[in-house]
Amino acid sequence: ENVVKTVIQKYLGDERRAGTGKFKMAAKTDERFEDILRKSTFSIFEERTYPSHRTQTIDEIVGRIYSTSFANPAVLGDKKQMFEHDVRTALNKINSSGVFEKTDNYYLFLAKRP
């Protein structure tokens, strides 16, 4: 994942994109969402974590990147071919089998009023 992020930043810069523009933080604070909820009228708070394990091939990883708003083919424009080459090369260097295991955590926040 870090390897792919490095290639994305090489082609699109350090600032995260959102389509043809830049991603702007919606929140005007650095506080964690959970802390904001705990201080609100919805102070009874519970967090649940659900790990999701998956196996991905390089083709699936590239496809997933292209499905995003920040690195889709329209955003990459004429850099798309070289970008894809660099992603595939970087991934092959760390695992020549072309198959990667990944675990993502999905979080569920439950908040209610006392």
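Leu 108 is located in strand β4, where helices (H or I, at least four residues) and strands (E, at least two) are DSSP runs numbered from the N terminus. The model is a predicted one, in which local features need pLDDT of at least 70 and side-chain atom pairs count only at pLDDT 80 or more, while totals for chains, interfaces and linings use all residues. Residues are numbered from 1 along each chain as its sequence is written, and side-chain values use heavy atoms, with hydrogens and water left out.

Leu 108 is partly exposed because its relative accessibility is 33%; buried means under 20% relative accessible area, exposed over 50%, and partly exposed in between (1.4 Å probe, protein chains only). Together with Tyr 50, Tyr 106 and Leu 110, Leu 108 forms a nonpolar patch on the surface, and the accessible area of the four is about 350 Å². Patches are made of residues with over 30% relative accessible area and no salt bridge; like charges are joined within 9 Å, and nonpolar side chains (Val, Leu, Ile, Met, Phe, Trp, Tyr) within 5 Å. Strand β4 (residues 99-112) supplies three residues, the largest share of the nonpolar patch.

The protein as a whole has five helices and four strands, which follow the pattern α-β-β-α-β-α-α-α-β along the sequence. Of its 114 residues, 26% count as buried. The accessible surface is about 8,300 Å², and carbon and sulfur atoms hold 54% of this surface; areas come from the Shrake-Rupley method with a 1.4 Å probe, and for residues only the protein chains shown count as cover. Among contacts (heavy atoms within 4.5 Å) with a separation of 6 or more, 76% join residues 24 or more positions apart.

Helix α5 (residues 80-94) contains 15 residues and spans 22 Å from its first C-alpha to its last, close to the 21 Å expected at 1.5 Å a residue. The expected span is 1.5 Å times one less than the number of residues in the helix. Phe 83, Glu 84, Asp 86, Val 87, Ala 90 and Leu 91 are the buried residues of α5. Seen down the axis of α5, these buried residues fall within an arc of 160°, so they line one face of the helix; the arc is that of the directions from the helix axis to the C-beta atoms. The cover over the buried residues of α5 includes α1 (2-12), α3 (58-66), α4 (73-76) and β4. Gln 81 and Lys 93, on the other side of α5, are exposed.

A salt bridge is a side-chain nitrogen of Lys or Arg within 4 Å of a carboxyl oxygen of Asp or Glu. Glu 84 is buried, at a relative accessible area of 19%, whereas Arg 88 is partly exposed, at 26%.

The whole structure has 11 salt bridges. In one of them, Lys 102 meets Asp 104 at 3.5 Å, N to O; Lys 102 is partly exposed, with a relative accessible area of 23%, and Asp 104 is buried, with 17%. Arg 32 and Asp 35 form a further salt bridge at 3.6 Å, N to O. Both are partly exposed, Arg 32 with a relative accessible area of 47% and Asp 35 with 31%. A network of salt bridges links Arg 32, Glu 34, Asp 35 and Arg 38.
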